[in-house]
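Here are my notes on the structure, as numbered points. Please read them beside the sequence and the coordinates.

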Amino acid sequence: MSMNGTSLNESFKCEKDNRVTAVVFPCLYSILFIVALVLNSMAAWVFFKIPNNSTFVVYLKNVVVADLLMTLTIPVKILSDAGVGQLRTFYCRYSAVLFYITMYISILLLGLISLDRYLKIVRPFGKCVLQRVCVGQLLCAAVWVLMLCLALPNVILSNKEPRILGNKLKCSSMKSEAGLYWHERFNYFCQVVFFGTLALMVVCYTFISKKVYESYKASKSKSQAARRRTKAKVFVVVGVFVICFAPFHMARVPYTLTQTRDLRIDCHAKNALYIAKETTLWLSATNVCLDPLIYVFLCKVFRKRLTNTICKATLESPTATSTQMQMLPINHTSTLSHNGVSQLPSEHSE
Ligand SMILES: Nc1ncnc2c1ncn2[C@@H]1O[C@H](COP(=O)(O)OP(=O)(O)O)[C@@H](O)[C@H]1O
């Protein structure tokens, strides 16, 4: 049952418990913001120097852009959670929507990355249409346009006079009946996006790890360490995905129902769901710091560029002593020989 006037009032009597969210989350998000800004600015700087010569690079560049945008929404969340000024209205209407959009764009791109890695192993010479750079760019554009268009009603339909309850505004209180309807349905759609992408990843990485295992058996490699390292790399994407996003998607549906329906549950339970949603949302946001791990672990071009940039910066530094300069080529060679190991198809680096 959707909310009518009486049940809305009943629901609004239950004030949000902000003791945790107003103190703990601004601190947690502040740490996240600083780390994410540093890592993603560095990633963007390195990626700008890499040409779009594969779909993998195109997808990773789009992940960096989505992560940087999400990072920029974090200060608004921090200030809004801490109860600063009128920011809560701006947060509910624009900033939170952008935060969620970029999160689901990252999710879809991580799915496309898995599919791309799978195709790289099945068709190493890029004969499939999905492996063309222009198709990758089109797919990315489609992901951005789809998410932006579908989330637009969340902005437009948050058009009611905001009602402050206790010391915090509930974003759902700004929504009209149609706004609540769209908010709930769009959240179901996002659940499908998440679980669909997870299923795609499990299929792709099961196949990839099978291939990796077979290729090691065929080459009769004795190196247990290399095998373990490769397996670990293969599962970085799935690991990051599940740890960051799964808890939020468990908590989101019950919480959304407390926003849009007149559930007969007590205020204490509603507050518990709110805390669960906020905690797991923070965990999802940590993805902006973990994505750079994917670039370093899986993208050979990125790793090379990063090493070159660091080496160049060290060489150009006025404090670099002649001893350091003599040592650099040796370190650099060792990095390159490490990358040489990455030539194995099993490590599916590009
Ligand atoms: N998956 C989503 N995609 C886009 N916008 C969303 C999504 N989920 C929620 N929103 C929007 O973000 C804003 C904040 O939502 P929510 O986090 O549920 O509110 P609250 O902070 O009061 O718990 C709302 O305008 C809502 O419609």
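1. Buried is used here for a residue under 20% relative accessible area. The model is predicted, and the points below should be read with that in mind.

2. In helix α6, the buried residues are Val135, Gly136, Cys140, Val143, Trp144, Met147, Ala151, Pro153, Asn154 and Val155.

3. The length of α6 (residues 133–156) agrees with expectation: at 1.5 Å a residue its 24 residues should span 34 Å, and the end C-alpha atoms are 35 Å apart.

4. One network of them links Lys77, Asp81, Arg88, Lys277 and Glu278.

5. Asp81 and Lys77 are both buried.

6. Lys77 also forms a salt bridge with Glu278, where the closest N and O atoms are 2.9 Å apart. Lys77 lies in α4 and Glu278 in helix α10 (residues 267–285), so this pair ties together parts 201 residues apart in sequence. The relative accessible area is 1% for Lys77 and 2% for Glu278, so each counts as buried.

7. What is the N to O distance in the salt bridge of Asp262 and Arg264? It is 2.8 Å. Asp262 is buried at 14% relative accessibility, whereas Arg264 is exposed at 71%.

Technical notes:
Residues numbered from 1 in each chain as written. Predicted model: local features only at pLDDT ≥ 70, side-chain atom pairs only at ≥ 80, totals over all residues. Heavy atoms only, no water. Helix = DSSP H or I, 4+ residues; strand = E, 2+ residues; numbered from the N terminus. Expected span 1.5 Å × (residues − 1). Buried < 20%, exposed > 50% of the residue type's maximum accessible area, 1.4 Å probe, protein only. Salt bridge = Lys/Arg side-chain N within 4 Å of Asp/Glu carboxyl O.
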